[in-house]
Amino acid sequence: MSTQNQTPLVVMVGLFLAVTAFLIGQRLDDVMAPAESDAGPVIDWSQYDLVDLTYAFNSQTPYWPGENYKPFELTTIATLEDNGVLSKAISLPEHLGTHLDAPNHFESGQPSAEKIPVETFFGPGVVIDLSLKAEVDPDVLLSREDVDAWEKEHGRVPDGAIVLLHTGWGRFWTNYERYKNQDAMGTLHFPSFSAEAARFLIDERNCKGLGIDTLSIDPGTSKDFAVHHLVNKAGRYGLENVAQLDKLPASGFDIIVAPMKIENGTGGPTRIFAVVPKKLPPAQ
Ligand SMILES: [Zn+2]
């Protein structure tokens, strides 16, 4: 056998060993490498600013000043010193602080808090600014014309939106007397929706809910609670004492509403979040 004949054999064996080593390496890589995973976030939250539209609850928190309503109470029922655990009990009317009015609040035959369809708690957000008018007139109402003007500037209110009315009343939040603004006759004075504007938003724009930064989706002077009735009659909810409306754009964001799930409840304390897309860096 000449060395000339051995050369192809050596090359072939070498090639075989190389391919085998490569394939074993590949298998090892497959075993060692993490599998392609579906466990990542469905929504990339780093792309959004999350704004908390909820006030913290405490004994000073404003509530509807009706008969039998009372302030928020937090009582310690166990302590680290005595029980090895810190635990407290809460007591509050459903309609205190940042809260939801369930459809059964003003209309019979409508769902109580735990029966509101969860898909109505997620929707496009709209903020209508009434703060300039409210500064001059505490009894001002959002008119149908105000809604038209908003749509002229920002486009049509999206179908199924959650519409929040920004009156600027949040600046009185820590002063309950100023916030409810009750006159000598007992009448409250704060701005809100007119029935016409609310009817348009519910009937013509199919809004999932109406919210406001005051005590009520009806104005303080209301005696008939027309907005509550028409919102609840349509099976929709209200959101009251909503915080930080001055931090939101007029549109182009989403809202998440997370009310306490109280069986047979007429509403309840609610955490509300705005999901606002972060501004893209300016193009180079
Ligand atoms: Zn309420």
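A residue counts as buried if 20 or more other C-beta atoms lie within 10 Å of its own, and as exposed if 12 or fewer do. The model is predicted.

**Exercise 1.** Find which residues of helix α6 are buried, and where they sit around the axis.

Solution. 
- Step 1: Go to residues 195–204, which form α6.
- Step 2: Apply the cut-off. Ala195, Ala197, Ala198, Leu201 and Ile202 are buried.
- Step 3: Check their directions. These residues lie on the same side of α6, because they cover an arc of only 165° around the axis.
- Step 4: Turn to the face away from the buried side. Asp203 and Glu204 are found there, and they are exposed.

**Exercise 2.** Name the elements that the buried residues of α6 pack against, then look just past the helix.

Solution. 
- Step 1: List the helices. The partners include α4 (144–154) and α7 (226–233).
- Step 2: Asparagine 206 has a positive phi of about 55°.

**Exercise 3.** Decide whether glutamate 177 is buried or exposed.

Solution. 
- Step 1: Locate glutamate 177 in helix α5 (residues 176–180).
- Step 2: Count neighbours. There are 9 other C-beta atoms within 10 Å, so glutamate 177 is exposed.
- Step 3: Compare sequence and space. Proline 62 is 115 residues away along the chain, yet the two C-alpha atoms are separated by 8.8 Å.

**Exercise 4.** Describe the chain as a whole: how many helices and strands does it have?

Solution. 
- Step 1: The chain has seven helices and twelve strands.
- Step 2: Of its 284 residues, 32% count as buried.

Methods: Residues numbered from 1 in each chain as written. Predicted model: local features only at pLDDT ≥ 70, side-chain atom pairs only at ≥ 80, totals over all residues. Helix = DSSP H or I, 4+ residues; strand = E, 2+ residues; numbered from the N terminus. Arc of directions from axis to C-beta. Contact = placed C-beta atoms within 7 Å.
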